[in-house]
Structures are given as structure tokens and as C-alpha cells.
Amino acid sequence: MESSHQALSTDAAAEDGAALRVRLLATTDLHMQLTGHDYYADRPDPSGGLTRIARLIHAARAEPGVDLCMLFDNGDSLQGSQMGDVCANRPETPHPLMRAFAYLGYDALGLGNHDFNFGLEVLDQVLAQAPCPVVCSNAHRLDGSPLWQRFAILERTVRCASVQSRLKIGILAALPPQTVEWDSHLLSGRVRVGGIVESAREAAARLKADGCDLIVALAHSGLAEPGATPEQENAVIPLAALEGVDAVIAGHTHLLVPAPGAEPSPYARLTEGLVHGKPVVMPGHHGSHLGVIDLDLRLGANGRWRVERAQAALRAAVGNEDATLVRLLAADHATTRAAANQPAGHSDQSMHSYFAFIAPDRSLAKVAAAQAAGLRPFLVGTALSGLPLLSVVSPLKAGGRAGPDHYTDVPAGPLSMRHVADLHMFPNELRALVLTGAELREWLEMAAGVFHRPGDAEAATLLRDARIPGHNFDILYGLSYEIDLSTPPRYDIGGQLISDQNRRIGALFHDGKPVEEGQRLVVALNNYRTNGGGHFHMLDRGQPVSLPGLRIQAVLRDYLSGHLPRDPLEDAPQPWRFAPLPGRAAILRTGPRARDHLDELAGRDITDLGVDAEGFLCLRVGL
């Protein structure tokens with residue numbers, strides 16, 4: 001049932017004489033974007049970063065009328081930039097993230113799934129430096145010695161009508177249950193993650209029983225199904241419905257809440273940041289926004305505080321950086337730039353991901369070849385050496401929710417480690433599976449679900465389904481095949497079969513011959529996909545190949561620098577193409593810097609439609 005919380009009006013609050021105003025400030029999905037610098041391109045980045053968020057934090061604390069201001073981070077802060085990679089490799093050095101959190105005076109930290117990407121040892125060393133409680137209600141260390149708490153109770157002194165009082169704020173936090181699955185090579189047998197809603201319900205009841213006046217949920221989770229479901233990844237809507245929860249800080253999906261223009265529903269008014277009547281903020285990603293929740297509390301006759309009104313808002317991180325925090329991070333910034341500019345080979349051609357969904361992509365081909373070259377030595381002398389070898393990659397930097405600047409863009413010429421990270425940005429490990437031709441076909445069907453069915457040329461619709469991340473578009477190098485967009489997708493975003501009649505993949509060949517249903521092939525890929533990321537359930541039937549722990553970035557560095565031999569897959573033709581659909585067209589949204597490479601599409605039916613309101617270049621593509 002929807003609670004009685006209402007959108008707060010500052011004037012109305014003053015007229016009603018609300019006893020206490022509590023302000024909650026929130027960051028989420030920082031992904032180690034602490035400075036206003038793009039380490040991949042080695043240039044200043046004016047679009048966000050914690051050094052800009054810091055100024056917003058100072059200003060929000062200084063505004064009149066706020067009796068208590070608290071600051072929280074909602075996870076996925078440790079991984080995602082080259083500074084994060086550098087710091088993970090020098091755990092004995094004080095971590096810049098925790099020093100920044102200490103400077104800004106954070107009150108509590110939640111954990112996100114990517115915070116586990118470097119393993120528990122690195123995570124433990126970082127969390128030991130945390131300046132405040134670290135909370136995760138649904139992740140449990142099986143050795144019984146966590147450095148995070150299942151919940152936290154923060155007591156703060158406040159003044160109400162000239163009377164000093166104590167306010168007890170309960171903090172619970174949760175992350176996706178899939179976290180162990182996605183990093184199973186690091187976490188299996190060591191961490192268990194329960195359901196978000198179930199764990200939050202238990203924590204909220206405990207906090208309420210312990211006398212908390214206010215309960216805040218740090219939910220590293222997005223908004224999806226309105227009701228709770230088993231193993232729910234994006235559970236903010238049923239979480240907000242829980243009795244006792246007063247405010248929710250959301251994340252994980254990199255969206256913005258409050259969301260201007262969002263359609264109302266029976267359970268949410270996202271334009272106001274209200275879900276089940278309770279305030280919810282999701283402040284973007286990479287330090288793009290600061291979340292602000294204002295709560296008006298009144299002291300009841302029973303001596304307990306209750307929330308009367310609430311307001312949620314976002315503040316964009318624009319303008320100057322906080323000079324003190326810039327100085328605090330200066331040495332880490334310099335160390336990161338030096339590491340990022342270490343030599344790592346040479347490329348005669350530029351490599352970018354601007355056209356990854358419509359044309360051959362040299363950046364993906366290079367990573368695919370590197371994966372194959374890294375795998376081949378482990379197949380020599382085994383029963384698998386005579387099987388065809390394929391390599392699977394997908395666009396990891398392809399715009400979407402991360403914005404129009406989030407594309408791989410490596411110029412021709414000398415390469416450095418920042419270019420390696422630009423080509424493959426995650427600390428994934430190399431994996432290999434033996435699969436049949438039938439399983440590969442289903443894999444490709446799932447990957448082809450990222451595309452909409454196109455409209456006619458005059459009423460072109462968007463090419464990509466924005467609900468599906470770009471990294472779900474797996475491309476199998478070593479095969480050739482067609483994608484027929486006139487047919488509906490075969491699988492939904494959760495990997496469930498929509499209809500057995502729906503088939504987009506045709507003309508599936510290997511080495512000029514049709515791929516047979518029972519044919520066995522070896523596939524190089526990353527651990528995220530083998531661990532279940534993206535819901536490619538057909539891979540569960542694959543036979544794993546035993547390999548040591550090999551970081552794909554290290555394999556790629558060795559390949560680019562010539563320490564691994566050139567792989568035959570590098571000379572393979574572009575694996576896929578769209579089946580011709582005369583008279584139909586679709587709109588590709590890509591980065592505006594794609595205009596520097598439009599000559600690569602010479603001869604294609606391409607029309608530049610200009611840059612849209614979100615900064616994406618729109619290209620009409622004839623099919």
C-alpha cells in the first residue's frame with residue numbers, strides 16, 4: 001500500500017512548522033571517476049567526477065533550513081577507471097577513494113557488484129580504510145569475518161524547538177544476487193548473496209525494533225518489476241513498498257531518478273522521484289549527479305519522529321572542481337596517467353566502436369584475435385587442438401546510458417596501456433568453452449535481440465533496443481552469418497524463449513561450410529559471459545576448458561606489443577551482416593566524434609540527422 005508521504009514544498013513545510021528537516025545526499029556508481037579527467041583519452045573531462053560533486057556537497061550542506069545533513073555512497077565506486085585498476089595493483093598504498101570519502105565526510109557506504117571485481121583480498125584492504133560504516137544487508141562472507149555490516153545505526157544530535165534531541169537513523173543496503181555469479185571465479189564458495197527485498201525486509205524490521213526514527217535503504221539496484229521476484233536484480237519498486245523504509249537511494253542501472261518526462265504508474269511518480277510515495281534518487285554514474293532527498297520530520301506525542309513530507313532531486317555536476325580534493329588526489333592522478341601512458345605496441349589503423357552495430361569494427365576484431373592468440377597455446381597437444389577456434393567479443397563502450405562520449409576511440413600510431421583499457425575496460429579473465437553448432441546458433445539469436453524490428457525508410461525507428469545493454473551484442477569471430485531484422489527477436493532480455501518460430505540468424509558458416517547442429521567448436525570468451533552475465537542460458541551446456549587465470553587486458557597488451565603471434569582470426573572477414581531489407585531504415589545513435597570516421601561508411605545509405613537533445617549523433621541507416 002502506498003504510504004502517506006507527499007512531495008515536499010519548502011514554503012508549505014515552513015507554514016506547517018515542520019519540526020526537523022533532514023537532508024540525505026547521495027552518490028552512486030562513481031566507478032573510480034574521482035577526478036575530472038578521461039584517462040582513456042588522457043584529456044580533461046568536464047562531464048562529472050567526484051571533484052565536481054564535492055562542490056555540490058559543500059553547497060547542499062551550507063543551505064539554510066537544513067537541520068541535519070548526511071552523505072552516502074551507493075556502491076560500484078572501486079572499479080571502472082584506470083585509477084581503479086592502478087590502485088588495485090598497489091594495495092599497500094592508501095586508497096584515494098577512501099581518502100576522498102574521509103575528506104568529504106561520508107556517513108555510510110554501500111557496496112555494488114563491481115566492487116568485488118578485483119577479489120575479496122583487494123576489497124578487504126580497501127574497506128579497512130573506510131572512514132565510516134560499510135553496509136551490505138544481503139551479502140555474507142562464509143568465513144564469518146566480513147569487513148562490512150548487515151546494517152548500521154547512526155545516532156545524531158539535533159535541535160527541535162530549542163530542545164536538544166537524539167535522532168537514530170538506520171541504514172540497510174543491498175546489491176544484486178547475481179554478484180557471486182558474475183564473479184564466481186573470485187567469490188564462489190566464499191560469499192553468499194540473498195534476495196534484495198527479503199534481506200531488506202529483515203534488516204528494516206530489526207532497525208525499527210532497535211528504535212530507529214528513520215530508515216534509509218542504499219539499494220545498488222534499479223527499477224524493473226513492480227513486485228518482488230526470486231533472484232531479482234532490479235528491485236527498487238518492491239523495496240520502496242517495505243514497511244519501515246523511509247527513503248531509497250538507487251543505482252546500478254546508471255539512470256536518473258527523478259526522471260523528467262517519465263510516465264506515471266500506480267506505484268511511482270518518477271518525475272517527482274516517488275515510488276510507493278517514498279522518495280527515491282538514482283544519481284546517474286561516474287559522478288554525473290548528486291542525489292538530494294529532503295525529509296520533513298515531526299516529533300510525535302509518543303516521542304518518536306515520523307516523516308511528514310519528502311522531496312527528491314538531482315543536481316548535475318557541472319562547473320569547477322573542488323580545489324582541495326584535486327590537491328588531495330594529485331599524486332594518484334599523476335601515478336594513473338603515468339601508468340596509463342606506458343607503451344603497449346602500435347596500430348596502423350584507428351580503432352573505435354562508433355559503428356559497432358552496423359559495420360565491421362576493428363577494435364572488436366583486435367580483441368577477438370588477442371583472445372584467440374592467448375588461448376591457442378593451451379589447446380596444443382590436447383584433444384581440442386583439432387577443433388575450430390572462435391572468439392567472442394561485444395562492444396563494451398557503446399554509448400547507451402553512459403552517454404555520447406562513452407565509446408572506444410584509439411587513434412592510429414603508438415599504443416599505450418590507456419588504449420588497451422579503452423579496447424577492453426573490465427578486469428575480465430579469459431575463458432573457453434566447447435559448444436555445438438546448435439548452441440552457437442542460439443547464442444547468436446540471443447545476441448541479435450539488441451535490435452528493434454526496423455520501420456520503413458520514411459518512418460525509421462531506433463536500431464537498438466535501449467533496454468538491452470550494448471555488451472549483450474556478442475559477435476562470434478571465425479563464423480559468418482546474417483541477421484534478419486524483419487523477424488522478431490527469439491529471446492527476451494532475461495534469456496527466455498519468446499517463440500520457437502522467431503529466427504533472425506541465417507547463412508551460418510565456418511570456413512565456407514555450413515555449421516552443423518552437432519559440430520563441436522572451441523570458443524574464447526570472457527568470464528562475465530561464462531559466469532552467466534547477460535542471461536545467455538545456452539552457454540550453460542558448454543564444456544569448460546581448463547585455463548589459468550589470465551586477464552584479458554594482459555593478453556591484449558601482449559598481443560598488441562608482439563609478444564603473442566598474430567592470430568589467423570585477425571584476417572578473418574567481418575563475421576556478420578544484416579540481411580538486405582530494401583525500403584527499410586533504422587536510426588543509429590552514436591557519439592558525435594563518429595563524424596571523424598564517416599568515410600568508413602562510404603557507399604552505404606547513411607544520412608546524418610544531427611545531434612539529439614542527449615548529445616548523440618543520429619545516423620539514418622538504410623537496410
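1. R309 counts as buried, because its relative accessibility is 15% (buried: under 20% relative accessible area; exposed: over 50%; partly exposed: in between; 1.4 Å probe, protein chains only). The model is predicted: local features need pLDDT of at least 70, side-chain atom pairs count only at pLDDT 80 or more, and totals for chains, interfaces and linings use all residues. Residues are numbered from 1 along each chain as its sequence is written, and side-chain values use heavy atoms, with hydrogens and water left out.

2. R309 belongs to strand 18, residues 305-316 (helices, H or I, of at least four residues and strands, E, of at least two are DSSP runs numbered from the N terminus). L295 is 14 residues away from R309 in sequence, and the C-alpha to C-alpha separation is 5.9 Å.

3. Helix 12 (residues 362-379) packs against helix 16 (residues 552-560) at an angle of about 95 degrees, the axes being 9 Å apart. Helix 12 is therefore roughly perpendicular to helix 16 (65 to 115 degrees; under 35 counts as roughly parallel, over 145 as roughly antiparallel and the rest as oblique). Axes are lines fitted to C-alpha atoms, for helices over the stretch in contact, and angles run from 0 to 180 degrees between N-to-C directions.

4. On the helix 12 side of this pairing are K366, V367, A369, A370, Q371, A373 and G374, which meet I552, V555, L556, Y559 and L560 of helix 16 (contact: heavy atoms within 4.5 Å). These residues comprise nine nonpolar, two polar and one charged.

5. The largest nonpolar core has 85 residues, and W443, L479 and I483 have the most contacts inside it (a core is a set of buried Ala, Val, Leu, Ile, Met, Phe, Trp, Tyr and Cys residues joined through side-chain atoms within 4.5 Å). Helix 12 supplies the largest share of this core, 10 residues. Beyond its neighbours within four places in sequence, L479 contacts L390, L440, L444, L508, F509, H510, V515, L521 and P575.

6. D422, in helix 13 (residues 417-423), is buried, with a relative accessible area of 3%. Not counting residues up to four places away in sequence, D422 touches Y40, K397, Y407, T408, D409 and V410.

7. Helix 5 (residues 120-127) is largely enclosed by the rest of the structure, because six of its eight residues are buried. The buried residues are L120, V122, L123, D124, V126 and L127. Their cover includes helix 3 (82-88), helix 4 (96-104) and strand 10 (191-193).

Technical notes
Ala, Val, Leu, Ile, Met, Phe, Trp, Tyr, Cys and Pro count as nonpolar, Asp, Glu, Lys and Arg as charged, and the others, Gly among them, as polar.
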